Amino acid sequence: MSAGLRIGCDVGGSFTDFLLFDPATGAVETLKVPTTPEAPEQGVMAGLAELAAARPGLLEGMETLIHGTTLVINAIIERKGAETALITNAGFRDVLETRREIRYDIYDIRQAFPAPIVPRRLRREVAGRIGHDGQEFEPLDADGLRDVLRDLAGQGVASVALCLLHSYANPAQERQAAAIAAEMDLPLDLSLSSDVLPEVQEFERFSTTALNAYVRPKVDRYLGALEGALADAGYAHPLFLMQSGGGVIGAQTARQAPVRLAESGPVGGVLAAGRLGQAAGADDILAFDMGGTTAKACLIRDGELPITRAYEVDRVHRFKRGSGTPLAVPTVDLIEIGAGGGSIAQVDALGLLRIGPESAASDPGPACFGRGGTRATITDANLVLGYLDPAEFRAGGIILDVEAARAAIARDVAALLGLDVDLAAAAIVAMVDENMAQAARMYAAEHGGDPARAAMVACGGGGPLHGAAVARKLGITRLMVPEAAGVFSALGFLMATPSFEVARSRPARLDALTPGALEDEFAALAAEADAVVGAVAPRAPLTRRRYAEMRYAGQGHQLRVRLQDDLSAPAIAAAFAAAYDAAYGYTYDDLVPEIVTLRLVSEAAQEGPGFAAATAGPAPAPRWRRAWDPLAGQMVDHQVLPFDAVTGEVTGPALIGQSGTTILLPAGARARKGPGGWLDITLPDPAEAEATAPAAATQTRSASRPDPRKEPAT
């Protein structure tokens, strides 16, 4: 019988990962199957069927299925959402295009921005106006709205973002417009800004609501199809989804506000990495997750997930804040890099090696997958360099073809750069490692952190393979790889607790607040958030956290301030002063603080899997495999052993196999199992590693060939 089992499912660009957890025994089972991009629910159901084959009655007895997906972010980046229109007040048609009139680079006279998600021809105006204080001083033009809706439906529009001015202060006109649309019974799906983001800052509210409208039909169809398939297979419980901010919500809530799922896949790995850091006694963690399509990095300081409401997608310049499209819902602040196992390697017109962001994904996949792909990828390079063993690699029945990988690299890279295949493959890996390290370094600097002070947790199918090289470039000397690293995001889903954040903008000077005003506001927010969380965990006790976004009167940016039980003006002023001093090193005595937005997070107490040492397997016979040593610049013998056979200290070079991934332990590194079953690796500093490189390395290179110890130019 399969009663009580919990499954985390992460749909990525290349693979769909599963982690099955049995709370009664603590046992964990993992699985990877290829993603089916055109109909992701098919890949999910195929994986569940494979798990059920070994556990009769799995779907009927399973208690929880928590799902994360890249469907939303991919639809936005690839511009594959619904035909979407925007309706707003007269005179504000171009808010999406005028943005905030802030230049992200004051010296670039040709700076570009992403094209608005809604083209100008589908941005329409109606008369009516709510003031900033919530008072109506011009009624909504109902007849004009009906004309606009009919015209949009006639043009094939599927989804509409309704963004009226100051709807955060009074949503009455948006509610009136939604009622009119419902009466007309047109095939238009409406997203109201007062539901999606009832907060100040018009551009951010318009942008986030437009993104929600853009992806909602696609997400609604997908989740509807998945829920139907699960019901047909015998699963009788609700489907849950991971939010970008780290909490779990029900599918019905997710279908209404899919914009909250934009980073739902990567967040699972970040959450689990943070929990591992706490268990390992590491205050700061750099979570490094490399999958089949992208790599992700997130800096966790003092055990707190970095949550932002200033997240951007579709940036024109990866490292320039303000060059993207705002997505102002709670999101774990991470960076995504176009570097995964399927990232394509090519030589550009200038004769420079380039990696990604184009990916072979799962269809057709890397050349070595034998599924029709012919272009050289990072996975092909790792196979050529000996890091992957075709006999051990299993993902959806794929058998790796070494000769196909060599042929692709020879044609796409080696011949064009005048290298042999091994050196070309080494250049591909060195390039992508440098790209990922550079992105992580810039991300950490942008957030005021120092990656060298952190320990790295490497996960995903490629993270443990590339983690040591990326860590070395960042000056990190402690690397941890957990059990089930290849499906770590799916594990993070099961560690997450049901939670939901609601917010309302209520700009008010602190000295003008009346007693009890905030209590009433927070009570309304609590009722809304508790209803969402209670639907997911009806019997679990709830806890609430209250926040205020505050500033001094006249300022344009706010600070997030945690509020305690005392909601009196003096207590709030003291909390704000402490937060302001911590952020800027000073406070003002002659300025009055003001509250801009109130936030409340409701969270259910729910236990998930933790980290526990697994029973070690039998010691295997010693095995060795030739694989590339980047410091030696040649193929050298690497010890090969399974993850569960590691009992004492292992010294590099070694290749440690796990289901779904391989851990590369470089020369000079030392690894031991931690108390919770993770592999704790101590890396040598770069100077020490260089000193231990074999002297024969210099004899293996022709003078006309580049030195693989020096990363190719990016």
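The axes themselves are lines fitted to C-alpha atoms, for helices over the stretch in contact, and the angles run from 0 to 180 degrees between N-to-C directions. The structure is a predicted model, in which local features need pLDDT of at least 70 and side-chain atom pairs count only at pLDDT 80 or more, while totals for chains, interfaces and linings use all residues. Residues are numbered from 1 along each chain as its sequence is written, and side-chain values use heavy atoms, with hydrogens and water left out. Helices (H or I, at least four residues) and strands (E, at least two) are DSSP runs numbered from the N terminus.

Helix H13 (residues 421–446) packs against helix H14 (residues 463–474) at an angle of about 55°, and their axes are 9 Å apart. H13 and H14 are therefore oblique to each other. The crossing of H13 past H14 is right-handed; a crossing has this hand if the near helix is turned clockwise from the far one by less than a right angle, and is left-handed if anticlockwise. On the H13 side the contact (heavy atoms within 4.5 Å) involves Val429, Val432, Asp433, Glu434, Met436, Ala437, Ala440 and Arg441, and on the H14 side it involves His466, Ala469, Val470, Lys473 and Leu474. Of the residues in the contact of H13 with H14, 8 are nonpolar, 1 is polar and 4 are charged. In this grouping Ala, Val, Leu, Ile, Met, Phe, Trp, Tyr, Cys and Pro count as nonpolar, Asp, Glu, Lys and Arg as charged, and the others, Gly among them, as polar. An α-helix has 3.6 residues a turn, so residues three or four places apart point the same way.

H13 also packs with helix H12 (residues 402–417), the axes coming within 9 Å and crossing at roughly 75°. That angle makes H12 roughly perpendicular to H13. Arg406, Ile409, Ala410, Val413 and Ala414 of H12 make the contact with Val421, Asp422, Ala424, Ala425 and Ile428 of H13. The contact of H12 with H13 contains 8 nonpolar residues, no polar ones and 2 charged ones.

A further helix pair is formed by H5 (residues 142–154) and H6 (residues 172–184), which pack at about 55° with their axes 10 Å apart. H5 and H6 are therefore oblique to each other, and H5 passes H6 in a right-handed crossing. H5 contributes Ala142, Leu145, Arg146, Leu149 and Arg150 to the contact, and H6 contributes Ala177, Ile180, Ala181, Glu183 and Met184. The contact of H5 with H6 has 7 nonpolar, no polar and 3 charged residues.

Aromatic rings were also examined. Rings of Phe, Tyr and Trp (its six-membered ring) pair if their centres lie within 6.5 Å, and planes under 30 degrees apart count as stacked, over 60 as edge-to-face and the rest as tilted. By this rule there are 11 aromatic pairs. Tyr552 and Tyr588 have ring centres 5.3 Å apart and planes at 85°, so the pair is edge-to-face. Tyr552 lies in strand S25 (residues 542–552) and Tyr588 in the loop between helix H17 (569–584) and strand S27 (593–604), so the pair ties together parts 36 residues apart in sequence. The rings of Tyr584 and Tyr586 have centres 6.5 Å apart and planes at 40°, so this pair is tilted. Ring pairs link Tyr552, Phe576, Tyr580, Tyr584, Tyr586 and Tyr588 into a cluster.

Accessibility was classed as buried (under 20% relative accessible area), exposed (over 50%) or partly exposed (in between), with a 1.4 Å probe and protein chains only. Tyr552 counts as buried at 3% relative accessibility, and Tyr588 counts as partly exposed at 34%. Helix H15 (residues 488–495) is mostly covered, with 8 of its 8 residues buried.

Glu199 sits in the loop between helix H7 (193–196) and helix H8 (202–232) and counts as buried at 10% relative accessibility. Not counting residues up to four places away in sequence, Glu199 touches Tyr168, Arg205, Ala503, Ser505, Thr597 and Arg599. Pro642, in strand S29 (residues 634–642), counts as partly exposed at 33% relative accessibility. Leaving aside neighbours within four places in sequence, Pro642 is in contact with Pro620, Ile656 and Gly657.

Conventions
Parallel < 35°, antiparallel > 145°, perpendicular 65-115°, else oblique.
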